[in-house]
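This report describes selected features of the structure shown below. Please consult the sequence alongside the text.

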Amino acid sequence: MHQGNQTTISEFLLLGLSSQAEQQKLLFVLFLGMYLLTVVGNGLIILAIGLDSHLHTPMYLFLANLSFADISSISTSVPKMLMNIQTKSQSISYACCITQMYFFIVFVVVDNFLLGVMAFDRFVAICYSLNYTTIMQPRLCILLTAIPWVLSNIVALTHTLLFLRLYFCDSNTLSHFLCDLAPLLKLSCSDTAINDLVLFLVGSSVFIFPLALILFSYVCIVLAVLRISSTAGKWKAFSTCASHLTVVLLFYGTIVGVYFFPSSAHPDDTDKIGAVLFTVVTPMMNPFIYSLRNKDMKGALRKLINRKSFLL
């Protein structure tokens, strides 16, 4: 535990992704573009699902929730970062920092759980296709949608309540573009052993359980697909999973690449790289993956765009 005078901090300073003035304009344009792409892309997916009755199925209900979580995830961090660049200010109030940390945890965790739920949905659709509508009844779908949101808020609330008991002594400067839990714990002069233990245990559980469900689902799916005699039947079954599998590989590939094989040259940048990939890159890519690899979604988006063109 670092010793120092315990003080009440009213704000933190976010150093951002770069301190070089010439890079600030580039970062502003780059992240503004990615933010707009993410909001528009995921917003169109939610609109298309809501307006097209053919997409009122469990798979697209879960996808709409994933798109909403992605919009919310990027909105917790990027607007504040863009405002800081534009105003040349690095400050964020203590209350805003805690709020940002809370929602950052919520949306990263809910993404994780939703991917597990979507894998279970594909497992039922392919392995129990004849009983799919019987199993995936509205009540179960609502439950499977609500559980990720409830659990993610419980996880975030646990971390936040444990964080609120900490004191800060010498520094309020965060080498980050958002208030992320792990870097914040490093600033505290209180004993963070409990926080670190809970972060490890809860973080491991949040990572392992959805991943185990995804792996189990896809092992069963592969075995079921291999039992299909026709090549066309195999391709049709696999094509229903292609978009989800691509998003899973992107999401968990990010976790493995950033946290299991961090850069030895810049170890302190691990949290920043992870945050950018989770809150910006992955949410931006999801609409492209689902719209390019999903025939039903492409058709719904085309009808939505044609409808808007007609109204104009």
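A residue is called buried when its relative accessible area is under 20%. In this predicted model, strand β1 covers residues 11-14, and its side chains alternate between two faces.

With β2 (residues 91-93) it runs antiparallel, joined by 3 bridges; within β2, Ser91 is the bridge partner of Leu13. With β3 (residues 173-174) the arrangement is parallel, and 2 bridges join β1 to β3. Here Leu174 of β3 stands opposite Leu14.

**The largest nonpolar core**

In soluble globular proteins, nonpolar side chains tend to be buried together. The largest nonpolar core of this model comprises 89 residues, and Phe31, Leu63, Phe163 and Met297 have the most contacts inside it. Helix α4 (residues 94-127) supplies the largest share of this core, 21 residues.

Which residues does Leu63 contact, leaving aside its neighbours within four places in sequence? They are Ile45, Ile49, Met118, Tyr290 and Met297.

**Packing of helices α4 and α6**

The axes of α4 and α6 (residues 138-163) come within 8 Å of each other and cross at roughly 145°. This crossing of α4 and α6 is right-handed. The contact between α4 and α6 has 21 nonpolar and 4 polar residues, with no charged residues.

Notes:
Residues are numbered from 1 along each chain as its sequence is written. This is a predicted model: local features need pLDDT of at least 70, side-chain atom pairs count only at pLDDT 80 or more; totals for chains, interfaces and linings use all residues. Side-chain values use heavy atoms; hydrogens and water are left out. Buried means under 20% relative accessible area, exposed over 50%, partly exposed in between (1.4 Å probe, protein chains only). Helices (H or I, at least four residues) and strands (E, at least two) are DSSP runs, numbered from the N terminus. Two strands pair if DSSP finds at least two bridges between them. A nonpolar core is a set of buried Ala, Val, Leu, Ile, Met, Phe, Trp, Tyr and Cys residues joined through side-chain atoms within 4.5 Å. Contact means heavy atoms within 4.5 Å. Axes are lines fitted to C-alpha atoms, for helices over the stretch in contact, and angles run from 0 to 180 degrees between N-to-C directions. A crossing is left-handed if the near helix is turned anticlockwise from the far one by less than a right angle, and right-handed if clockwise. Ala, Val, Leu, Ile, Met, Phe, Trp, Tyr, Cys and Pro count as nonpolar, Asp, Glu, Lys and Arg as charged, and the others, Gly among them, as polar.
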